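This report describes the domain arrangement, chain contacts, strand pairing and helix packing of the structure shown below.

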Amino acid sequence: MAYEIVVLTNMAISILFALSLNVITGFCGQVSLGHAAFLGIGAYTSAILSKAGVPLVVTFIPAMGMAALVGLVVGVASLRVRHDFLAITTMGVVFLFTGIVRKQDILGGEIGIAGIPAPEFGRIGLLVTALLCVLAYLLFVIRIRKSWAGFAFDSIAEDEDTARLLGIHVPRFKLFAFLVGTAGAGLAGALYAHQIRFIGPDSFGFVESISVLAMVIIGGIGSIWGVILSAALLSALPQFFQIIDDFKLLVYGLLLFGAMRFAPDGIDGLLKRLFRRAGGTR
Amino acid sequence: MTPARLSVNDVSVRFGGLMALEGVGLEVGDNQLLGFIGPNGAGKTTLMRVIMGIVQPVSGQVMLDGQDISKLNSVQRIHAGVALGQQIVKPLRAMSLLDNVALAFGGSKLLSPLRALSVRSRATEREAARAILSDVGLGAVTDKLPNEVPLGYLKRLEVARALALGPRLLLLDEPLAGLSKPEAGEMADLIAGLPRPGLSVVLIEHNLPQVLRVCPHLYVQANGRGLAFGPTDDVMAMPAVRKAYLGGEG
């Protein structure tokens, strides 16, 4: 039972992390190859505060705040660059983050931070907390999707110049996406730090950034339910099947290739097509 | 005296070593349709982009109803009452024609993400969008995606979207380009019916017969300089215009 709780908690954290990237890349169309840096900022902030005696739930706020603050800075940089230039800029963020962390003794340097206190409410409590965080974030992103903010994001994701000519203040909406997305990653990081109870720079590198991007692409860029399904599957499978864990990058790579080649709109698009076909043959 | 709807004063634009516009000026009154013509390379689109705030002039001033809008960016100008229908149609292809127009009705919601987040309903905007689409002759295809309709419809969508912004000044950049002769005629008729008290239209166009047919006033530009401005018949009678624009003998 304890193992299942760990798996479910990891799954919830992955879903939260993937949903947060989906706001930036899926909703607003801003490709980010450095999202793990914000997971790391949340994890380090929460871990340090937690070790100083601050209750886990209280650390959520500064974890989200720090991630969002750095996210805003990256967001401001993103206003000047687009497409592949933005991808490279955000990739630089994750290398910058791990590079800085490795050299800071206060952050544990190369070794990282060990001995992060166990959550005061136990493993099941952490699972419930993670699920509540996912639920709260999910409700918020659904609100975005259904509101005029989602409507404006749709136009920015498709064509920024046209969005401007329709009177949309594109920079403000982009910054909003970065703020919400990086805050969500910070929250996921806080949960992650207390789930693993050890964090190091290697946990928040380029590979992790690509892994979460793979979850978003395989789920269907911009699709809330597709991304949840994809993040749940991709985070759980390696924990149940050792071979997938051993060849995780290979599996992710193949799935990414397969998604781009055969289902560019991901699981979401695939399921919609299947339902449409099933509906059509009735 | 009522100030002109649009007043462009002594605008110059430089692209590197090239002077794209040199001291150009024009005025558009209320409820007016101004045809804006000139040979290729005359700087017509550049002047449109200056009026929209997309290109910054090295000198000169753009006034809307007597207010200097030169310092405003393009989004601020749109909210101040200037709209542009682009030459190359750029519909949002993932949205229906209806939503393409409804989005433009967003007003202040499009300026603030928090305000946008607080509003879910699109019913009012869709209702207004349906009316405008019907006005431009797209009432029967409001729920279609842009990929499902021909270019002529997309040109009308571009006009509908610009109108949805509630402009006082509508700039249309070659709305007849790429249309067949009958389609161009219908589109020109549609444009001729747009001006009303509170709305003026500037039509940049290469299709001279249609411009001459529907525009009571003309502004002619050549090589980045204003050549003539006034009632259509008077302008077209000017030897300099015939020479520069039509290659006539002058």
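## Conventions

Two residues are in contact if their C-beta atoms, placed from the backbone, lie within 7 Å. The structure is a predicted model, in which local features need pLDDT of at least 70 and side-chain atom pairs count only at pLDDT 80 or more, while totals for chains, interfaces and linings use all residues. Residues are numbered from 1 along each chain as its sequence is written, and chains are lettered from A and ligands numbered from 1 in the order in which they are written.

## Domains of chain B

Chain B comprises domain 1 (6-81 + 167-246) and domain 2 (92-154), with bounds taken from an automatic or database domain assignment. A distance of 27 Å separates the C-alpha centres of domain 1 and domain 2 of chain B.

Contacts between these domains of chain B involve 5 residues of domain 1 and 4 residues of domain 2. The domain 1 side consists of 2 nonpolar, 2 polar and 1 charged residues. Here Ala, Val, Leu, Ile, Met, Phe, Trp, Tyr, Cys and Pro count as nonpolar, Asp, Glu, Lys and Arg as charged, and the others, Gly among them, as polar.

## Interface of chains A and B

Between the chains, 22 residues of chain A are in contact with 24 residues of chain B. On the chain A side, two or more residues each come from helix H5 (122-146), helix H6 (148-158), helix H7 (160-165) and helix H8 (170-196) of chain A. Helices (H or I, at least four residues) and strands (E, at least two) are DSSP runs, numbered from the N terminus.

H6(A) gives the largest share of this side, 7 residues. By class, the chain A side has 10 nonpolar, 5 polar and 7 charged residues.

## Packing of H6(A) and H8(A)

The axes of H6(A) and H8(A) are 10 Å apart and meet at an angle of about 105 degrees; axes are lines fitted to C-alpha atoms, for helices over the stretch in contact, and angles run from 0 to 180 degrees between N-to-C directions. H6(A) is therefore roughly perpendicular to H8(A), a term for angles of 65 to 115 degrees.

Ala152(A), Phe153(A) and Ile156(A) of H6(A) meet Val170(A), Phe173(A), Lys174(A) and Ala177(A) of H8(A). This contact has 6 nonpolar residues, no polar and 1 charged.

## Sheet in chain B

Chain B contains an open sheet of 4 strands in the order E2-E1-E4-E5, with antiparallel pairing. Two strands pair if DSSP finds at least two bridges between them. Strand E2 (18-28) and strand E5 (67-68) of chain B are the edge strands, each pairing on one side only.

Strand E1 (residues 6-15) and strand E4 (residues 59-64) of chain B are joined in the antiparallel sense over 5 bridges. Ser7(B) stands opposite Met63(B) in E4(B).

Key. Angles under 35 degrees count as roughly parallel, over 145 as roughly antiparallel, 65 to 115 as roughly perpendicular and the rest as oblique.
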